[in-house]
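Dear colleague,

I am passing on the structure we spoke about, and below it you will find my notes on what came out of it. Please read them with the model open beside you.

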Amino acid sequence: MTCNEIRARDLVEQYLRGQLPTDDSSTFEIHYFDCARCFAEVETTRHAHTTARRNRRREPIPPAKDWLLIMAKVAVAGAVGVIGAMIWQYSAGLI
Ligand SMILES: [Zn+2]
């Protein structure tokens, strides 16, 4: 197995996703433990996968129906802020 073959067949992605057949996986491991370039690529790609998974878990995107509720809450919070500021200005004698 060569570096060019690994890139041409996108073996790093397949390996990390557990999609390589056992024989290919063993051959790939023998190569990448011995090749600094491929080893670095595996580690970089693994790190990118881990980061992507972590970010997906941390910041779930609300379903579309929830956006209306979120926008309504923001509008109410804004209105409360404006009214509060007006009350404060009135009580401070500024209006
Ligand atoms: Zn290599």
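Please keep in mind throughout that this is a predicted model. The largest nonpolar core is made up of eight residues, namely Ile6, Leu11, Val12, Tyr15, Phe28, Tyr32, Cys38 and Val42. At least two residues of this core come from each of H2, helix H3 (22-34) and helix H4 (36-58), and the greatest contribution is that of H2, which gives three residues.

On the side of H3 the contact is made by His31, Tyr32 and Phe33, and on the side of H4 by Cys38, Phe39 and Val42.

Although H4 supplies at least two residues to the core, it is hardly covered, with a count of two buried residues among its 23.

The loop between helix H1 (3-8) and helix H2 (11-16) holds aspartate 10, whose phi is near 55 degrees, a positive value in a residue other than glycine. Is this aspartate 10 buried or exposed? With 10 other C-beta atoms within 10 Å, aspartate 10 is exposed, because a residue with 12 or fewer such atoms falls into that class.

As for the overall layout, the protein is divided into domain 1 (1-60) and domain 2 (62-95), and the C-alpha centres of these two domains lie 50 Å apart. Helix H5, covering residues 64-91, has 28 residues and reaches 41 Å from its first C-alpha to its last, which is close to the 40 Å expected at 1.5 Å a residue. H5 is hardly covered, since the count of buried residues among its 28 residues is zero. Just after H5, glycine 93 takes a positive phi of about 80 degrees.

With best wishes

Methods
Residues numbered from 1 in each chain as written. Predicted model: local features only at pLDDT ≥ 70, side-chain atom pairs only at ≥ 80, totals over all residues. Domains from an automatic or database assignment. Helix = DSSP H or I, 4+ residues; strand = E, 2+ residues; numbered from the N terminus. Buried ≥ 20, exposed ≤ 12 C-beta atoms within 10 Å, placed from the backbone. Core = buried A, V, L, I, M, F, W, Y, C linked by C-beta atoms within 7 Å. Expected span 1.5 Å × (residues − 1). Contact = placed C-beta atoms within 7 Å.
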